[in-house]
Structure formats: structure tokens, C-alpha cells
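This briefing is meant to be read alongside the sequence and the coordinates. Please keep both open while going through the points that follow.

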Amino acid sequence: MAQGRGSINSDYKEWEWSADAGERARLLQSPSVETLPKSGESQGSGLGATSALGAVFIVVNAALGAGLLNFPAAFSTAGGVAAGIALQMCMLVFIIGGLVILAYCSQASNERTYQEVVWAVCGKVPGVLCEVAIAVYTFGTCIAFLIIIGDQEDKIIAALVREPEEAGARHWYMDRKFTISITALLLILPLSIPREIGFQKYASSLSVIGTWYVTAVIIIKYIWPDKELVPVEIPTSPSSWTAIFNAMPTICFGFQCHVSSVPVFNSMKQPEVKTWGAVVTAAMVIALFVYTGTG
């Protein structure tokens with residue numbers, strides 16, 4: 001085999017690695033073909049440090065997020081709990097299948113990120129478009145979550161300070177620009193520095209537990225509601241077929257973790273498609289229960 005980034009065919013003159021997208025696409029072969037680890041990977045076995053359980057928590061954390069807040073509205077739009085669960089089950093078949101296919105393509109092409117897999121499989125133009133789309137998507141996602149964090153910190157600080165809100169009475173530490181900046185600098189930045197995504201397994205575990213807490217509070221408030229709340233009628237069937245399709249984007253967004261799935265797969269101790277199938281199935285089932293309980 002050729003040295004460096006490596007060819008996956010013994011005839012290196014014919015199959016030698018090239019930066020050209022067409023040459024990279026030709027590297028896609030059966031995962032059973034032996035490949036050389038890329039430069040920068042660990043020597044020896046070349047395996048990651050993330051266990052299957054850790055990978056489950058990372059995938060769940062990648063899937064769960066702001067979509068959790070929209071699931072009650074999605075269930076109402078879909079036509080109630082039964083319709084919402086049925087729609088989720090149908091979408092999970094395609095979502096899990098897509099995650100497994102991404103792992104297969106990553107293993108076959110010997111690529112470690114989502115955009116590199118797209119580049120190797122689809123060629124240069126789709127690869128560049130994918131990189132641009134991911135950059136815009138992650139930038140917008142960061143802004144959205146920083147705004148959500150700022151909203152929650154405003155309420156937490158107000159509850160701790162317990163001072164009447166008066167014009168000009170807000171302290172400097174209650175300024176959103178300060179709280180968001182400090183949070184991004186002290187919490188988000190350290191979690192973003194490591195190149196290995198397996199590092200996120202510890203923070204992901206806490207995040208998943210926090211999400212379960214929110215879901216548990218919602219369920220408890222449903223069973224034992226506050227006295228001042230007036231129950232409303234819960235729909236039992238969709239108002240129209242278009243209503244079901246209107247709920248699909250929210251549900252798909254709630255389970256979206258495909259960009260992170262390829263790095264997570266390659267960070268596992270045993271990056272095998274079969275093991276990955278079990279990991280993403282377990283992760284999606286956990287997300288299903290959380291979303292269903294909230295919805």
C-alpha cells in the first residue's frame with residue numbers, strides 16, 4: 001500500500017490517493033478492504049477512546065436540544081399524542097437508516113467528518129456546498145442556543161437577586177452581553193477546543209440528565225397541574241392531511257444529529273457499522289421517550 005494518507009488498493013499507481021474529488025470518490029469500496037490510518041490518527045489499532053455507552057450519550061445530546069420546546073406544538077399540529085408518536089416512529093426508520101449509511105460511507109471512504117464523507121462520495125461541488133451549508137448551519141445554531149442560554153440566565157439571576165425591576169436599576173452582572181460572553185468564554189469555549197469529539201461524553205451525560213429533568217417536570221405538572229391553570233382540550237386526530245406534513249419538519253429537526261454522527265462513529269473504540277447501528281438505535285429510542293413525554 002502507498003504511504004501517507006494511503007491508498008486502499010495494492011496497485012498504488014492506479015489507485016493512489018489524490019486531492020481531486022473524482023479520485024477520492026473512487027476510494028469508496030467495501031468496508032472489508034483494509035485501510036491505512038490517516039496521518040494524525042493514533043498508531044497501532046487506530047481506535048478511538050469512546051465506548052458504545054459514551055457514544056449513545058453524545059448522539060442523544062446532539063439530537064436533543066431546542067427541538068424539545070417545539071414538540072408540544074408539533075403533537076398538537078399532528079393531531080394528538082397517538083398521531084405524534086406514529087409520525088415519530090415512521091421518521092425514525094429513515095433517520096436511523098441515514099445514520100447507519102453515513103457510518104458505512106465513512107468506513108468505506110476512510111473519512112472522519114461528515115463533509116469529508118460527502119466530498120469523497122459525491123465529488124468536489126457537492127462537498128464544497130456541504131461545507132458551506134454546515135458553516136452556516138452551525139453559526140446559526142450557535143446564535144440560537146446562545147440566545148436561549150441568555151434567556152434562562154436572565155431568569156436565574158432575577159430569581160437569585162430578587163430585586164424589583166426599575167428603570168436603570170439593573171446591575172452590570174445582569175447585562176445579557178456580559179452573561180452570554182462569560183458563559184461562552186468559560187463553558188462553551190473549553191468544550192469546543194478538543195479536536196476529538198469523544199471528549200464531549202462527560203458534558204453530554206450531564207446535558208442528557210438535564211433534559212430528562214425538564215421532561216420529568218413537564219410530566220409531573222401535567223399529572224398535578226397548578227390550580228390556576230385551566231385544562232384545554234387535547235386533539236385526538238389531525239385536522240387535515242396537510243397538518244401531518246406541517247408537523248414533520250419539527251420532528252425531523254428534533255432528531256437531527258447527522259453532522260455530528262460521523263466524528264462520533266470514528267471516535268468509538270470499535271467503529272463498526274453493526275455496533276454503530278445499536279448505538280444510534282438506543283440513542284433515538286431515548287430521544288423518542290423524552291420527546292414523547294414532553295409532547
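Val-259 is partly exposed, because its relative accessible area is 23%, and a residue counts as buried only under 20%.

**Surroundings of Val-259**

- Val-259 lies in helix H11, which covers residues 258-266.
- When neighbours within four places in sequence are left aside, the residues in contact with Val-259 are Tyr-114 and Ile-134.
- Although Thr-113 and Val-259 are 146 residues apart along the chain, their C-alpha atoms are separated by 7.9 Å.

**Overall make-up**

- The protein contains 12 helices and 0 strands, so that, by the DSSP assignment of helices and strands, the order of elements from the N terminus on reads α-α-α-α-α-α-α-α-α-α-α-α.
- Of the 295 residues in the protein, 32% are buried.
- Taking the contacts between residues at least 6 apart in sequence, 76% of them join residues that are at least 24 apart.

**Packing of H7 and H8**

- Two packed helices are described by the angle between their axes and the distance between the axes.
- For helix H7 (residues 124-161) and helix H8 (residues 176-192), the axes come within 9 Å and cross at roughly 115°.
- The two helices, H7 and H8, are therefore roughly perpendicular to each other, given that angles of 65 to 115 degrees are counted in that class.
- The crossing of H7 and H8 is right-handed.
- On the H7 side the contact is made by Leu-146, Ile-147, Ile-149, Gly-150, Asp-151, Glu-153, Asp-154 and Ile-157, while H8 contributes Arg-176, Thr-179, Ile-180, Thr-183, Ala-184 and Ile-188.
- By residue class, the contact of H7 with H8 consists of 7 nonpolar, 3 polar and 4 charged residues.

**Confidence of the prediction**

- The average pLDDT of the protein is 78, and 80% of the residues score at least 70.
- Residues 1-37 have a pLDDT below 50, and this stretch has 61 contacts in the model beyond near neighbours in sequence.
- The pLDDT is also below 50 over residues 39-46, a stretch with 2 contacts in the model beyond near neighbours in sequence.
- Where pLDDT is low, the predicted coordinates should not be read in detail.

Technical notes:
Residues are numbered from 1 along each chain as its sequence is written. This is a predicted model: local features need pLDDT of at least 70, side-chain atom pairs count only at pLDDT 80 or more; totals for chains, interfaces and linings use all residues. Side-chain values use heavy atoms; hydrogens and water are left out. Axes are lines fitted to C-alpha atoms, for helices over the stretch in contact, and angles run from 0 to 180 degrees between N-to-C directions. Helices (H or I, at least four residues) and strands (E, at least two) are DSSP runs, numbered from the N terminus. Angles under 35 degrees count as roughly parallel, over 145 as roughly antiparallel, 65 to 115 as roughly perpendicular and the rest as oblique. A crossing is left-handed if the near helix is turned anticlockwise from the far one by less than a right angle, and right-handed if clockwise. Contact means heavy atoms within 4.5 Å. Ala, Val, Leu, Ile, Met, Phe, Trp, Tyr, Cys and Pro count as nonpolar, Asp, Glu, Lys and Arg as charged, and the others, Gly among them, as polar. pLDDT is the predictor's confidence in each residue, from 0 to 100. Buried means under 20% relative accessible area, exposed over 50%, partly exposed in between (1.4 Å probe, protein chains only).
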